[in-house]
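Welcome, and please open the model in your viewer. We will go from stop to stop, selecting a few residues at a time.

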Amino acid sequence: MPLRLSRFSSSEKYYLIGAAGLLLLYVLPYAWLGEGAHLTIHDNLDSDFLYLYLLKINNTAFDFRLDTIIPNMMSGGPSNGIPRSAFRTGLNFEVLSFYLLPPYLAQVLNFAAVHGIGFVGMYALLRRYVLPEPGWAFVRVAVALLFALVPCYIVHGASVTGQPLLLFAFLNLLNHRARPTNWLIIVLFPFYSFFVWAGLFICVALGLIGAVAMLRQRFINWHYVGGLALLAVLYVASEWQLIYGFINQTYISQRTEFDYSRLRPMHVGDSLRRSADLFVWPMFNTGAFLTLGILGTAGLGAWLAYRRGDRRAVGWLLGLPVLAGLICLLHGFYHYLVVWLGNGSLGMNFRVFQFDRFYFLLPTLWFILFAMALRALSGQQRNKPRAITSSNNIRLVSLLLAGQFVVMVYANKEWRINVGKLFGAVTEAEQPSYRAFFAEKQFTKIRTFIGRPPESYRVICLGMHPSVAQYNGFYTLDSYQNNYPLPYKHAFRRIIAPELAKGSKKMRTYYDAYGCRVYLYTAELGMNYLFGKTSNAAVNNLKINANALKEMGGQYVISAVPIRNASQNQLRLESIFNDSESYWKVWLYRVL
């Protein structure tokens, strides 16, 4: 497909159709495989994905009472469950989609929506403000497609991919183009993103952009100010339960015990390494991809712009990487700030909320930089649209776009796994599918074998994520929660204290200084929670506090590995469960 930078191409609609076709291919493996597709487990199927589903099966998606409790996890001992306010609000579109649809279908539709929004938003932003000339049709469509392929976590909604569309709306307000569609974008965005992860930092960034622009223009743009106020108010409205609980401390969160001095080395070298890693490879849940190609493109573009005397382009091409670097340094050195602030109210707030999450802005920043760098490489200046572009530079721009496409395909690990499943190159043992991971048929057999209402007893899992049992209706003592009452962390620790004492210092630190994964840790299995039925692992010398387990209401252990000394821990093997569609082989133990 020829690249035409020096004149308008009437084929832009074909570029858009082609990009839409590629996005459909991006979604195709998930639709074709159905529940046989693999979905990312870490911070997804083990936690956030499950929470969206639990709100449905507990019929609490639209429960706005502050005293409502989700009883399916961490309900034992000092706790009856997790406060509803610790979960996403029912006003969120993602929560609504999981309430109305089967969970896997909701996931796929959100996958398509999130990446589609990314394409539309980046395309609109580039067409209006970065690459507006007709001759840039192919490049702006291509860059928008590449941004749409950012492999961000779908459970965050449009928190990452929706940023270009929101920026487009606010730049329109700043430039006196206050159309109804811009206001609609601002109104809808808080209800399809998450304030804690990205919303606050988006508001801060937009506030800084507006402040700088208005200082330069020397007047207050009330449309922009009104838009920012509206965005902030709607974020508060959409997440009012969570924000209210944070401000008023309706319960003491385990996050108050986050100990950054133990979680991260207090060494400047390590902090610089963490910052550099984030700069080169953004955080996994924001959409991780190698940025060196974009950085190199920006550097070459800045050099060519400098030779042409285009100071404006040089400023942007050097300034945006510097801004990205500052964001990464904030993350890398954030623990110094938290430790320095201590245990006072301010320090506690910085410990609990994690105000270093400006890194959620990085994917948008990098691709805006990429588009600007490609313009600079072409030899075309923003104020001189008729500048002549050489054929060599056209080929270079095309090559860089193709190279970045390869980078984005490689970055999409989940998608590549599913393509491998389509062609039989990836097995269930290597990468479990959604169906195999949650193993509904197998766990139905387990529930039937126990023969009691699930709410009448509590289970604990070994060698597997508790989310599997929770998804299948069991009430678990263990769970992966980012926010839960602190007394439960201490009570649960009594169960695993003997194993923590045997295990590594890393495992003890992970629980005591972090404690979001309240799991049945063992020294032999370590911090691995994924033992499939093809695994030969076993626990030969389990040592738990069985009395503490019984005091918290634990009556069954659902284990993905055999426990060789079960009787020494007051456990009795009841039965072994296997299923051809399941990833697991399950040993069910009764607590005596």
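Start by selecting strand E8, residues 586–591, together with E7: six bridges join the two strands, which run antiparallel. Helices (H or I, at least four residues) and strands (E, at least two) are DSSP runs, numbered from the N terminus.

Before moving on, a word on what you are looking at. This is a predicted model, in which local features need pLDDT of at least 70 and side-chain atom pairs count only at pLDDT 80 or more, while totals for chains, interfaces and linings use all residues. Residues are numbered from 1 along each chain as its sequence is written, and side-chain values use heavy atoms, with hydrogens and water left out.

Now widen the selection to the sheet. In what order do its four strands lie? The order is E3-E6-E8-E7, in an open sheet with mixed pairing; two strands pair if DSSP finds at least two bridges between them. Strands E3 (458–462) and E7 (571–577) are at the edges with a single partner strand each, so one side of each has no neighbour in the sheet. From one strand to the next, the twist averages 25 degrees, an angle taken between N-to-C directions on a scale from 0 to 180 degrees, with axes as lines fitted to C-alpha atoms.

Next, follow the loop between E7 and E8 to Glu581. Show its surroundings: leaving aside residues up to four places away in sequence, Glu581 touches Arg435, Ala436 and Lys441, where contact means heavy atoms within 4.5 Å. Ser433 is 148 residues from Glu581 in sequence, yet their C-alpha atoms are 9.4 Å apart in space.

Then select helix H17, residues 345–353, where Gly347, Met348, Arg351, Val352 and Phe353 are buried. These buried residues pack against helices H9 (195–217), H11 (240–248), H12 (260–263) and H16 (311–341). Just after H17, look for Gln354, with a positive phi of about 65 degrees.

Conventions. Buried < 20%, exposed > 50% of the residue type's maximum accessible area, 1.4 Å probe, protein only.
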